[in-house]
Amino acid sequence: MMNCQDVVSLSREKLTLLLEEAEARYDEFRRAGLKLDMSRGKPGRDILDLNDQLLDKLTPPWKDGDVPDVRNYGGLEGISGMRKLFGELLGISPDSIIVGGNSSLNLMYDAIARLWIFGAPGYTPWSREKQVRFLCPVPGYDRHFAVTAEFGIEMINVPMTSEGPDMDVVEKLVADDPTIKGIWIVPFYSNPEGICCSQRTVERLGAMKCAAPDFRIFWDNAYGVHRLYEDEPEHFPDIFAACEAGGNPDRVLYFFSTSKITFPGGGVAMVAASPANRAEILRRMKIQTISHDKINQLRTLRFLRDPAGVREQMRRLAAVLRPKFETVATILNEELGGSGLASWSNPRGGYFVSLDTLDGCAMETVRLAREAGVTLTGAGATFPYGKDPRDRNIRIAPSFPPVAELEVAMRLLCVCIKIVGIRKLLQK
Ligand code: PMP
């Protein structure tokens with residue numbers, strides 16, 4: 001097995017030997033008839049089972065705050081206990097929050113649809129503009145890109161730094177181009193790199209001069225409480241305060257959900273916004289629905305209780321997730337450390353590991369893995385239009401498989417990276 005050596009600068013003879021060794025290992029994996037799925041960031045059964053008590057929480061009383069009976073219509077903003085919990089947990093005002101249905105992505109889609117059809121309060125609907133463009137920090141979340149693509153919004157790649165999106169690039173682009181109407185941001189433990197926006201980045205986002213007066217930050221805090229390690233600081237630079245301080249109080253729409261805290265698809269989502277934006281959302285939302293599922297809000301609230309309850313829940317989830325992330329890191333280090341064939345993120349939280357192969361190798365690596373029975377997130381998925389300009393990024397989602405399966409899948413992935421990388425080097 002090649003271990004921690006600089007493969008990239010080896011002679012052709014040595015590369016050929018290593019390739020043969022990797023190909024022999026690949027054939028063994030193929031013969032094993034694997035069928036493993038690491039394609040999506042969903043929890044495994046081991047994580048879901050930790051949440052089953054939530055399902056026992058539905059007993060009277062049915063009243064919460066000013067909602068007399070959660071079993072009935074009413075309470076479009078959501079139950080007050082849930083708004084209080086989200087507000088305290090995230091350090092934002094409960095009065096800014098609307099609790100929605102089961103999906104924050106749905107709330108994001110609706111937010112873009114409203115801007116598209118009706119426009120921001122006092123501005124032209126985006127559908128009537130000649131062109132609408134969005135900044136997309138990359139690598140990023142494929143479903144964000146799918147929503148923007150659906151509306152025909154042109155996407156512009158923005159590189160990430162260790163402090164979040166590259167703000168020099170962002171500030172320059174938004175200052176000159178009124179067609180740039182928004183930016184996607186996963187502020188903490190980003191999907192897929194696990195990067196956290198720094199205080200400075202948040203301040204710059206709130207204060208930057210935008211040529212489009214109806215510019216919106218889509219602040220998707222999906223992983224804000226997903227710390228994998230106890231000593232990881234809790235930090236929530238306040239985007240509302242930053243926008244307020246910059247004189248742009250209506251700039252941000254803030255999304256969050258319990259999808260990766262309780263049950264994906266069966267969680268509780270929210271959107272928070274300035275008073276003007278919130279009033280606009282409620283005005284439109286009340287035409288869409290009479291009220292959301294407050295029964296699920298109540299049982300989720302009873303299960304999580306308060307911010308301390310959420311932290312306790314996250315510690316239990318982290319105890320299962322951490323060994324999975326550590327398995328990924330250990331195998332990548334053993335197989336590829338120092339080889340020069342790949343680099344990867346070492347996240348302290350969130351749900352993903354981001355891996356870069358040599359340029360031009362990601363698609364072929366994912367294809368080889370699939371042929372041997374391991375399905376990964378498609379190469380390119382982390383970029384707008386599914387096009388990774390350097391064809392090198394692969395998103396690893398360690399949460400679903402049990403550790404034993406993850407070990408096999410990771411070994412195979414590393415073998416595929418070696419085969420494709422060394423073949424590329426030999427072509428030169
Ligand atoms: N945002 C990000 C960044 C995500 O990774 C995910 C889940 N994969 C979502 C949103 C989806 O959240 P929800 O289930 O609340 O729609």
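A residue counts as buried when its relative accessible area is under 20%, as exposed when that area is over 50%, and as partly exposed in between (1.4 Å probe, protein chains only). The model is predicted, with local features needing pLDDT of at least 70, side-chain atom pairs counting only at pLDDT 80 or more, and totals for chains, interfaces and linings using all residues. Numbering starts from 1 along each chain as its sequence is written, and side-chain values use heavy atoms, with hydrogens and water left out.

**Cysteines**

With a disulfide defined as a pair of cysteine sulfur atoms within 2.5 Å, the count is zero.

| Cysteine | Nearest cysteine sulfur | Distance |
|---|---|---|
| Cys-197 | Cys-196 | 7.9 Å |
| Cys-361 | Cys-416 | 12 Å |

Cys-197 is buried, because its relative accessibility is 3%. Cys-361 is also buried, because its relative accessibility is 1%.

**The ligand**

A side-chain N or O atom of Ser-103 is 2.8 Å from a ligand oxygen. For Tyr-141, a side-chain N or O atom is 3.3 Å from a ligand nitrogen. A polar side-chain atom of Asp-220 lies 2.5 Å from a ligand nitrogen. On its own the ligand has 400 Å² of accessible area, of which the protein covers 88% (Shrake-Rupley method, 1.4 Å probe).

Note on methods. Polar contact = N/O pair within 3.5 Å; in protein donor to acceptor, adjacent residues only side chain to side chain.
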